[in-house]
Amino acid sequence: MFSRKLEILAPTPKEAAQLATVAWLIVTAISLPAFLFTGQVVGAEWFTVFWGAIGAWLLTAPIYFLVRHAIGRPLWLAVPAVLAALVAIALVQMALDYGGQYLVHLWAATRIPDTSIPSLFMVTVVYFLIDACVVALFLITGTMNKIRIRERELAEAQVRRLETELHMLRLQLNPHFLGNSLNVISSLILTGRTAEANRMAEGLADFLSATMALDATQISLGDELETVEAYLELESARFGERLTVEIHADAAQRARIVPSFVLQPLVENAIKHGVEASPGPCTVRIAARSEEGALLIAVENRGEAPAAGSPGRPGHGIGLANTRARLALLFGDEGVLETGPIENGWRAAIRLPARASDGRLLAAA
């Protein structure tokens, strides 16, 4: 244990002054009523009480600098040094206390303080214990500061990791989607439907440009839905009448702010595991509504169940896992992604709180 170092982040001088002031105000608030009701202090002797408290408070400054100097030192060296220094400072505080009492006695009719060995020892012990409490406050504050710094660093590292994963999602999108879109374009060209192929190629280019341009971490739901609509238009060209798209979000909901690219993985899952796996017509429905200030966005796919034993394209759950991680990082327990079966399909629902974790309103200004 003592081979380790005292690794904390020292409180600032302002924090140290505040902590020392609070500590000595508490001591004074406890001792004054006791002196008053027991009659230990009378007349001009009250000056000595305030003199001792102010002198002791001023001597917390060397205690603070001692703690700062001990940070980073081995415990076997720091602990004895701090204890020895506390004893020395307590002796100085005791001397100031008694010196103030003698000075007051020179010009006022006050009692001569008790200078017996037991009395001097007791006063010194009291000052030592109070100073030790002040040191403990410094150490606790320093430890909390270090914990906060470490938590902030971990949060920033997690943000960077999630941003990297989001960037990779944007780059990779869905290889099957890109391949299928290009196959549809090629088929349209071979069958002489060049106008349709041209429109689909332009739509694919616009969609890829839009996804690559999403640099903001939060955008309006309207912008998010525009990207999703562009993606679904391309899928509609591939599936034709088999795919029906429904989007329900009024102007107020489209103005709400959401994490960018938050719906794309859910819609891709609806296409991959719903429309592709179903032998008949399917409907992909996206609906947004408010509930007690929170924003609820649901992505549903409904269609005929796949035939028994039909091969489905397996998934790895990366998109859903990333979405859950992003929501947890941004909103804590208030950001929720729930998934589950519904009649003839599957549903994924996101719940976003009225306020982001940094205090900004999720409603657009």
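View 1. Asn 322 has its place in helix α11; helices (H or I, at least four residues) and strands (E, at least two) are DSSP runs, numbered from the N terminus. Val 262 is 60 residues away along the chain, yet the C-alpha atoms of Asn 322 and Val 262 are separated by 9.3 Å.

A word on how to read the legends: residues are numbered from 1 along each chain as its sequence is written, and side-chain values use heavy atoms, with hydrogens and water left out. Because this is a predicted model, local features need pLDDT of at least 70 and side-chain atom pairs count only at pLDDT 80 or more, while totals for chains, interfaces and linings use all residues.

**View 2. The largest nonpolar core, with 38 residues.** A nonpolar core is a set of buried Ala, Val, Leu, Ile, Met, Phe, Trp, Tyr and Cys residues joined through side-chain atoms within 4.5 Å. Leu 263, Leu 266, Ile 271, Ile 286, Ile 297 and Ile 350 have the most contacts inside this core (contact means heavy atoms within 4.5 Å). Helices and strands both contribute: α6 (175–190), α7 (194–212), α8 (221–239), α10 (264–275), β4 (282–291), β5 (294–303), α11 (318–331) and β7 (345–352) each supply at least two residues. The largest share, 7 residues, comes from α8. Zoom in on Leu 263 and, leaving aside neighbours within four places in sequence, you will find it in contact with Leu 221, Glu 224, Leu 225, Val 228, Ile 297, Val 299 and Ile 350. Apart from this core lies another, of 23 residues, including Ile 89, Tyr 127, Val 134 and Val 135.

**View 3. Helices α3 and α4, side by side in one view.** The axes of α3 (residues 60–70) and α4 come within 10 Å and cross at roughly 170°. Axes here are lines fitted to C-alpha atoms, for helices over the stretch in contact, and angles run from 0 to 180 degrees between N-to-C directions. The two helices are therefore roughly antiparallel to each other, a label for angles over 145 degrees. From α3, Pro 62, Ile 63, Leu 66 and Ala 70 meet Ala 78, Ala 81, Val 82, Ala 85, Leu 86 and Ile 89 of α4. By class, this contact has 10 nonpolar, no polar and no charged residues; Ala, Val, Leu, Ile, Met, Phe, Trp, Tyr, Cys and Pro count as nonpolar, Asp, Glu, Lys and Arg as charged, and the others, Gly among them, as polar.

**View 4. Gln 93, buried in the model.** Gln 93 sits in helix α4 (residues 75–107), with a relative accessible area of 2%. Not counting residues up to four places away in sequence, Gln 93 touches Trp 24, Ala 56, Leu 59, Tyr 127 and Asp 131.

**View 5. Ser 119 in helix α5.** Helix α5 spans residues 117–172. Ser 119 is buried, with a relative accessible area of 16%, and touches Tyr 98 and Asp 114, not counting residues up to four places away in sequence.

View 6. pLDDT is the predictor's confidence in each residue, from 0 to 100. The protein averages 78, and 81% of the residues score at least 70.

Terms used:
Buried < 20%, exposed > 50% of the residue type's maximum accessible area, 1.4 Å probe, protein only. Parallel < 35°, antiparallel > 145°, perpendicular 65-115°, else oblique.
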